[in-house]
Amino acid sequence: MEKRVRFKSAWLPWLLVAPQMVIVGMFFFWPAGQALYQSLLQEDAFGTSREFVGLANFERLFSDPTYLNSFKITVIFSVLVAVIGISVALLLAVMANRVVRGATVYKTLLIWPYAVAPVVAGVLWLMMFQSPWGVVSYALQAMGYEWNHLLNPNHAMALIVLAAVWKQVSYNFLFFLAGLQSIPNAVIEAATIDGATPWRRFWTIVFPLLSPTTFFLLVMNVIYAFFETFAIVDAATHGGPGKETSILVYRVYYDGFKALDMGGSAAQSVVLMAIVILLTVFQFRFVEKKVQY
């Protein structure tokens with residue numbers, strides 16, 4: 001039978017959630033409202049004058065080929081980061097769950113990258129791929145493969161994807177490991193007695209039981225790829241070469257702080273927020289149906 005908490009005072013529940021609501025309102029709803037209002041204005045570079053232009057900023061955005069190209073770049077980047085990050089983390093979690101001796105050290109080493117700041121992650125991977133002195137680029141050149149992320153858009157995309165995945169894989173690993181450890185051993189042992197191979201046990205028992213965790217991480221990784229990878233892009237490629245790694249969140253920064261187009265930058269932030277909200281709603285509306293609780 002479900003237990004429900006009943007408060008004697010009708011105001012007490014509102015009083016308890018008030019601090020959190022103040023924080024959410026101050027750091028989310030107020031900035032979002034300011035961005036929406038500013039997206040309807042046109043300001044000069046110094047902020048001395050402003051003019052109400054309605055939806056002109058949005059019309060200018062969607063008639064800009066470079067901005068439309070940023071959509072394609074962001075989709076490719078987000079899919080790669082989410083798919084590779086979740087897949088690698090699941091593999092590492094399965095391997096870590098089987099380790100008996102030295103398991104604590106192994107798990108600790110896998111968690112460490114999450115403590116690294118995004119900008120530091122971008123610089124680390126940039127140094128490893130920096131031609132011709134980077135460790136990875138030197139090894140690639142020794143094998144006869146010429147690496148140059150400054151001129152090759154595919155190399156630049158690979159660089160920021162690797163940095164973003166490396167930064168996020170620890171977060172995914174923690175949740176997958178917790179999910180694996182919550183699966184009863186009796187279920188796995190029963191399948192083993194029935195003659196199920198390890199591969200079949202994983203796809204018919206383990207992975208379906210991990211579907212809530214996988215769905216949660218899918219949502220979080222999409223949000224991470226859209227919002228939290230700005231520092232990696234800025235540190236590693238600066239959106240180059242030729243804006244070929246200029247994802248949407250980086251365009252918001254570039255147009256606002258470098259091009260000083262405050263109205264256009266605000267319009268981009270509104271579009272970006274709307275995209276992420278729609279993607280999250282889509283995932284909860286359709287993808288969650290595949291989840292087995």
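**Aromatic rings**

Modeller: Phe62 counts as partly exposed because its relative accessibility is 44%, where buried means under 20% relative accessible area, exposed over 50% and partly exposed in between (1.4 Å probe, protein chains only). This is a predicted model, in which local features need pLDDT of at least 70 and side-chain atom pairs count only at pLDDT 80 or more, while totals for chains, interfaces and linings use all residues. Residues are numbered from 1 along each chain as its sequence is written, and side-chain values use heavy atoms, with hydrogens and water left out.

The structure holds 20 aromatic pairs (Phe, Tyr or six-membered Trp rings with centres within 6.5 Å; stacked if the planes are under 30 degrees apart, edge-to-face if over 60, otherwise tilted). One of them joins Phe62 to Tyr67 in an edge-to-face arrangement, 6.2 Å centre to centre with 80 degrees between the planes; Tyr67, at 1% relative accessibility, is buried. Phe175 and Phe216 form a tilted pair, with 5.0 Å between the centres and 50 degrees between the planes. That pair links distant parts of the chain, 41 residues apart, since Phe175 lies in helix 7 (residues 153–181) and Phe216 in helix 10 (residues 211–227), helices being DSSP runs of H or I of at least four residues, numbered from the N terminus. Phe175 is partly exposed at 32% relative accessible area, and Phe216 is likewise partly exposed, at 32%.

Elsewhere, Phe230, Tyr250, Tyr253, Tyr254 and Phe257 form one aromatic cluster. Over the ring of Tyr254 sits the charged end of Lys243, 4.2 Å from the ring centre (the criterion is NZ of Lys or CZ of Arg within 6 Å of the centre and within 35 degrees of the ring normal).

How values were computed. Helices (H or I, at least four residues) and strands (E, at least two) are DSSP runs, numbered from the N terminus.
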